[in-house]
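Dear colleague,

I am passing on a structure that I would like you to look through, and below it I have written out what was found. Please keep it open while you read.

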Amino acid sequence: MRVARRQLALAAALAFVGSTSASAAETVKIGAALSTTGAAAVYGATQRNGILLAADEINRSGELSGVKLEVLVEDDGSSKEQGINVFQRFINRDRVSVILGPTLSTTATAADPLAQAARVPVLAVSNTSPKGITDIGNYIWRVSLTEQQVIPGALRRAKDRLDFKTAAVLFGNDDVFTKAGYDVMKKALDDLGVKTLGTQTFAKPDRDYNAQLTALKALGPDILLVSALADNASAIAIQARQLGYKGPIMGGNGFNSPAFIKNAGTAAEGVLVGTSWNSASPDLSNQRFIAAMRAKGVDPDQFAAQAYTGVYVIAEAIKLAGNKGGRGDIVAGLAKVKDLPTPLGRFSFTASRDGQHEPALQEAKGGKFVIVQ
Amino acid sequence: MGQQVINGLFLGSIYALFALGYTLVFGVLDMLNLAHQAVFMLCAFVALSLVGFLHLHILVAFPVSVAAAGLLGVVIERVAFRPLRGRTSSNISGLISSLAVATIFESIALGVWGPDVSRFPFHTVPERQLHLGGAVIQELQLVIIGVSVVMMVALTVLLRRTHLGRQIRAVAESGLAARVLGVDVDRVIAASFFISSALGGAAGVLFGLAFNSISPDVGRSVELKGLAVIIVGGMGSMPGAVAAGFALGLLEVFTVARFGSSYRDAVSFAALFVVLLARPRGLFGAAPSRVA
């Protein structure tokens, strides 16, 4: 009897342990602040695909035992104001464990300080401005390479190939991201000993770039560098070709979108872009990512790859924190992420919480981007 | 240099085209219809859908979408202006309600066509170019410059020489007096809105064809410049709108070429300021014909 009672107690205790670990299938909320409308809408849509795919894969594989990821996607409208609203909702109402995004650096500079103050970790998956993102504080991390990391490498490869000696630059001066891209281009050109013959600017709502392009073309540069968002980028490429500019064009990160090629048509042909995602990489995780995206009927791009990687980095952080998904756990876990295999390559963080992996150079050819080996 | 003159004339013709329809209602009837830019945008989208989805030829899609824009104008007048007419400061309340209509139109465009930049299919218009010395000009650019001048002449003739034009001017002078003389004021104003919006729509389609980037907020970039052009040209003056459009386009282009694009808006709005100081009625503005 006594034995039986003891066994019963043990069984009950075991049942109790079992039920806690089952019901403690703890849900970790991830808030994704993405620009699904506004100037950056083309990026937001593809980021969303990448994030949802990754969360789905992780939940199904059960690799996070006892933890289930739940993704909440909200539109930041490509604007600071709406970005701040979305962050406040995530932090106070939804009480998410970690925030992915926002899409634009400009929005991040305004919204990220709220998360830092509330001690909610943020993982940026597309912010490329070298300044004003991760230096906000120790809760702000990023997957995306900065323009500072991508452009100099890509420009060096382009110079090896085309051997240009002079350049002209056109950039959007009303956006943190395009302005930062310009600063890096300028420095990279100087470092490579390429002479900048002229510089012109435009603003996001502009549709007509003929005056700027005519002035730059008249200087006779060997290459035209452009730092612009995709919407402006395609129109700039078209108008440059219509004005009879025949030299090479190299774009900043904003050109990195299938929408650019679709809207620019034949004018996109030959345009060079640095990229932090080497789509041609034969790495297993990259090939799996591409196949999974295609199976969903979407063409993967760099923004999808970075967003997808972002979710896997969070999952790894949760794992490294002992399968715990609190706000503090995730920050502690992020600090330990090292050489994680992702579609972007082996991923680690730098000491300043920025992403670190190998960039590549690509060229628009026959309607899509092809990696220049 | 030659290329920049062409760039300036082309940019100016876009401003002029937008301003021509705008000034018929704003300059002549003294009603500021802030939904004009939304009609400009919607008409471009309608033409885009006719060409992109129904595969109509642009020469068919153009008149159809322009007629649709005209009807939108009648709707705007009926919904945003007519119910308020006769109240005190009805032009101001009409301004506010037309702003609401603009917001509704933009939301419709967002819902139907999405926030992304859309473009006409490639080769909707022949992409032929002319070379003048070192300068390049697209055939379409020539057409647009020509259309803006032709529209200006047609509108001036309409206002000065036709029965409708006389009625419009009579209504502008005094709605009450016109009504006493047997003019159907509501019909005349509706007709003005039809013509104005049809012109705005035509400008939108040509803009969409020329720049190949149409988005729900595309009208906003030309709206302010269009207003500036109307005021510099002189309220209600068609030749003034076109001349001021070309002047603003050339000024912007040469500012960019000489001082860099950062100074563009500073120089053009400074010029607007100077014109308003020196000639408050604008370049072609007539002296007031009556004492208020």
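**A strand covered on both faces**

In strand 8 of chain A, Ile223(A), Leu225(A) and Ser227(A) on one side are all buried, and so are Leu224(A) and Val226(A) on the other, which leaves both faces of the strand covered. Before going further, please bear in mind that this is a predicted model. In a regular strand the side chains alternate between the two faces of the sheet. Strand 8 of chain A covers residues 223–227, and because 5 of its 5 residues are buried, the strand is largely enclosed by the rest of the structure.

What does strand 8 of chain A pair with? It pairs in the parallel sense with strand 6 of chain A, residues 166–172, over 5 bridges, and in that pairing Phe171(A) stands opposite Ser227(A). Strand 9 of chain A, residues 249–251, also runs parallel to strand 8 of chain A and is joined to it by 3 bridges, with Leu225(A) standing opposite Met250(A).

Chain A is divided into domain 1, made of 26–145 + 281–358, and domain 2, which is 148–275. The centres of these two domains, taken over C-alpha atoms, are separated by 28 Å, and 17 residues of domain 1 are in contact with 18 residues of domain 2. On the side of domain 1 that touches domain 2, the elements that give two or more residues are helix 2 (41–61) and helix 4 (105–117) of chain A, and the largest share, 3 residues, comes from helix 4 of chain A. By class, that side of domain 1 has 7 nonpolar, 7 polar and 3 charged residues.

**Where chain B meets chain A**

The contact between the chains takes 26 residues from chain A and 23 residues from chain B. On the chain B side, two or more residues each come from helix 1 (2–28), strand 2 (135–138), helix 9 (218–233) and helix 10 (238–259) of chain B, and the residues of this side divide into 9 nonpolar, 10 polar and 4 charged.

**One residue inside chain B**

Finally, please look at Leu155(B), which has its place in helix 5 of chain B, residues 139–161. Is Leu155(B) buried or exposed? Leu155(B) has 23 other C-beta atoms within 10 Å, and 20 or more are required, so it is buried. Leaving aside residues up to four places away in sequence, Leu155(B) touches Leu20(B), Leu24(B) and Met238(B). Leu155(B) and Gly21(B) are 134 residues apart in sequence, yet 9.0 Å apart in space, C-alpha to C-alpha.

With best wishes

Methods
Residues are numbered from 1 along each chain as its sequence is written. Chains are lettered from A and ligands numbered from 1 in the order in which they are written. This is a predicted model: local features need pLDDT of at least 70, side-chain atom pairs count only at pLDDT 80 or more; totals for chains, interfaces and linings use all residues. A residue is buried if 20 or more other C-beta atoms lie within 10 Å of its own, exposed if 12 or fewer, and partly exposed in between; C-beta atoms are placed from the backbone. Helices (H or I, at least four residues) and strands (E, at least two) are DSSP runs, numbered from the N terminus. Two strands pair if DSSP finds at least two bridges between them. Two residues are in contact if their C-beta atoms, placed from the backbone, lie within 7 Å. Ala, Val, Leu, Ile, Met, Phe, Trp, Tyr, Cys and Pro count as nonpolar, Asp, Glu, Lys and Arg as charged, and the others, Gly among them, as polar. Domain bounds come from an automatic or database domain assignment.
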